[in-house]
2 protein chains.
Amino acid sequence: MSLRDTIKKLVVKSKKASIQSAVLSTDKKNKILKAVAQELRKSAQKIQIENQKDLDYAKKAKLSSAMIDRLTLDPSRIEGMASSVEEVQKLEDPIAKILGQHKTDNGLKIRKVSVPLGVIVIIYESRPNVTSECASLCIKSGNAVVLRGGKEAFHSNKIITSIYRKVLKKFGVSEDVVSLVQTTDRAAVDFLIQMEGLVNLVIPRGGETLIQRVVQNSRVPVIKHYKGICHVYIDKDADLKQAEKIAVNAKVQRPGVCNACETLLVHKSVAKRFLPLIEKKLIEEGCEIRGDVNTKKILKNIKKASKEDWSTEYLDLILSIRTVDSIEEAIDHIQTFGSGHTEAIVTKNKKAEDKFVRRVDSSSVMVNASTRFADGNQYGLGAEIGISTDKIHARGPMGLEGLTSYKYVVFGKGQIRS
Amino acid sequence: MSLRDTIKKLVVKSKKASIQSAVLSTDKKNKILKAVAQELRKSAQKIQIENQKDLDYAKKAKLSSAMIDRLTLDPSRIEGMASSVEEVQKLEDPIAKILGQHKTDNGLKIRKVSVPLGVIVIIYESRPNVTSECASLCIKSGNAVVLRGGKEAFHSNKIITSIYRKVLKKFGVSEDVVSLVQTTDRAAVDFLIQMEGLVNLVIPRGGETLIQRVVQNSRVPVIKHYKGICHVYIDKDADLKQAEKIAVNAKVQRPGVCNACETLLVHKSVAKRFLPLIEKKLIEEGCEIRGDVNTKKILKNIKKASKEDWSTEYLDLILSIRTVDSIEEAIDHIQTFGSGHTEAIVTKNKKAEDKFVRRVDSSSVMVNASTRFADGNQYGLGAEIGISTDKIHARGPMGLEGLTSYKYVVFGKGQIRS
């Protein structure tokens, strides 16, 4: 069988399974997830043995120590994986919710009801706990999921999905509700994202190159974010103590993630006081600073920022700083170089706050708080299947609700249209 | 300038205008729409003169009389257009609505707020009132719109959009909130739908070939429905009097629209009584019937339905009928041949109703009511920008809400993440 046919066969099975998972009761879904959590704990040793195969490969392939760390499943991470499944189990069922209802003059009862999307394809890299997170969210939301992990995590992903499949089968549910693409051939991705009419949504999670490739070739809707070039703007009416804390936290607390700050924008009227303060703190934290001409006039020892700096997601202890003449210039800068992920303003001025909140067109806008708060848990979504900087369907941190659609159900008593 | 550059220039202007329209107050948007309605009325004669140019072309090009009818703008249609704008003006502003709000343990206030999508491209054919409908909906929802009508309606579309632009300008708003593609070159469409990052959503309205072409080539999210192959299923526990009324209405009341019924599914245990009844009525209405083997055993004089009939949207006075052994077979048939638009069940049996409602995966499911009720006005949306059989973003009749996205706004007092 050609690779394309193999993938198609797998997706057709998922589609069929999704018809079954769409109508599972909340109780049954919860029982399945509880059993999965138990089974993950019971299988901890087996999971570690399989994970070791991936780690051996990773060492041979000389993957970076950061990647090897992300790949590693030790007993505490396996426990974490199991308790995450229980967290998802406890979330409210997003399916069959009445989203709206009204009666028309001619007596029709019109109801808008939430339904699953169908088949979700997730394309991701390295962290094998993503496998379990996505599988549990897709079960809870009545979907079927096709998982395509990186080849470096193949054995780990295989054992985790086989645990899900075993439990599904035990409960009389098609095991194809959770499938793993069993080949590491990269072409498999291209076939998956061409399965229009069978796959309902593709979520690529990973580096920008991977996501670009998926977006370029997909015939199915894709939800994604390319990168997070997040800004903190220090307004002329900022509390500078607060500004310092927020800017430092946004940059250094976890620089390798998408909601970390990459560029600081400082109003010129506070630049002279603020910049030396923040420079000191950042240097203490081991952070490199690159500034525009006006910033360099105040901070003599920093590097000059090139034009490229403004559109670079460092994911590292580097911060670019630009001094701006006005809030409008800050907003313009964000419109030009931002990625639509998360921006923050620090100000005590209500007018400046309003302007920033209304005009900045990003999925999250923070007022006097760190950009690092942009995540599903903080937003009360419980768990994240991904983050979207698109405007269609789901935006920002995307949880169970993002995995649903709706339909209209109309109850009549024989009404016809005249 | 190349056509691609011309289109890009136009879209860049729209993008810029969309930044302005996103923050217009409700009051200002309403004043603009009221003024547009007035201006349309005042310009009725001018509109007719321009429309006549299109009609002259249509006659020369020997367009069908149905198309010429759709193209015609007489005084009553112009009045209808103006009052539709007033209807949109009266709808609730969908922007800056608080969709959800909560406070976290650390005192952050997290708010989900509705925002416009940005730039909407609409690609459509013949009816020039669509121009005004789409422009008014996009203004009300704080978007900018790029309209690409058919060349047969070029002069009519041009005068209608110029009225919108004149009014926008009078209110100090960029006239580029409403733009019309001024070339009739078909390649313009291909360039428009490649403007990733500038255009936020494409809505093609028209024949399946047009929509397929847009979907195949778009680099921007597309919302659409290809066709409406709607089914009415007559259950074994149907009230046959009601069933007859609903089936006839769904087929003949307006056969040329997407929510008209194309296939009737009849449970075998009522087929002998029901089929002769419905045959009589349909023949009275001038409707042709095509049936499967079992239906033909009862209705001897009808044509045999070929396999193609089950997946054909007749948009005409033709109905295919299949006799099924069970409700499951009816649902299977719908899953196999349906287009996900609208299906109806006629039954007095609550269990059958529940099964049909949960399992039929269409954007609208009717219980004891005609499929013809699937539309935005009936559903309380006020006006429709299109109908979606997709599951992403918007499903079914799509109104103002479908033209919005949301963002998260987080209000803090200096909180940082630990």
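**Entry 1: strand 4 of chain B**

I began with strand 4 of chain B (residues 144–148), where five of the five residues are buried, so the strand is largely enclosed by the rest of the structure. My cut-offs for burial: a residue is buried if 20 or more other C-beta atoms lie within 10 Å of its own, exposed if 12 or fewer, and partly exposed in between, with C-beta atoms placed from the backbone. Helices (H or I, at least four residues) and strands (E, at least two) are DSSP runs, numbered from the N terminus.

A note on the source: this is a predicted model, in which local features need pLDDT of at least 70 and side-chain atom pairs count only at pLDDT 80 or more, while totals for chains, interfaces and linings use all residues. Residues are numbered from 1 along each chain as its sequence is written, and chains are lettered from A and ligands numbered from 1 in the order in which they are written.

Which way do the residues of strand 4 of chain B point? I found B:Ala144, B:Val146 and B:Arg148 on one side and B:Val145 and B:Leu147 on the other, and all are buried.

**Entry 2: the neighbouring strands**

Next I looked up the pairing, where two strands pair if DSSP finds at least two bridges between them. Strand 3 (residues 119–123) of chain B runs parallel to strand 4 of chain B, joined to it by five bridges. In this pair, B:Val119 has B:Ala144 as its bridge partner. Between the two strands the chain passes through helix 6 (residues 129–140) of chain B, and this β-α-β crossover is right-handed; that is, with the strands pointing away from the viewer, the path from the first strand over the helix to the second runs clockwise.

Strand 5 (residues 178–180) of chain B also pairs with strand 4 of chain B, in the parallel sense and over three bridges. Here I saw B:Leu147 opposite B:Leu180. The path from strand 4 to strand 5 of chain B goes through helix 7 (residues 154–170), again as a right-handed β-α-β crossover.

**Entry 3: the cores**

I then turned to nonpolar cores, each a set of buried Ala, Val, Leu, Ile, Met, Phe, Trp, Tyr and Cys residues joined through C-beta atoms within 7 Å. The largest has 132 residues, and those with the most contacts inside it are A:Ile120, A:Val121, A:Val145, B:Ile120, B:Val121 and B:Val145. Apart from this core lies another, of 49 residues, including A:Leu108, B:Ile321, B:Ile331 and B:Ala374.

What does A:Val145 touch, leaving aside its neighbours within four places in sequence? I listed A:Ile120, A:Ile122, A:Cys134, A:Ala135, A:Cys138 and A:Val178, with contact meaning C-beta atoms, placed from the backbone, within 7 Å.

**Entry 4: the two copies**

I checked how the chains relate: a rotation of 180° with 0.0 Å of shift along its axis superposes chain B on chain A, RMSD 0.0 Å. In chain B, the C-alpha of B:His393 is nearest the axis, 1.9 Å from it. I also noted that 100% of the interface residues of chain B are interface residues in chain A too, so the copies meet through the same surface.

Most residues other than glycine have a negative phi. A:Asn368 sits in strand 13 (residues 364–369) of chain A, and counts as buried with 23 C-beta neighbours inside 10 Å.

How values were computed:
Two residues are in contact if their C-beta atoms, placed from the backbone, lie within 7 Å. Copies are superposed by least squares on the C-alpha atoms of residues with pLDDT of at least 70 in both.
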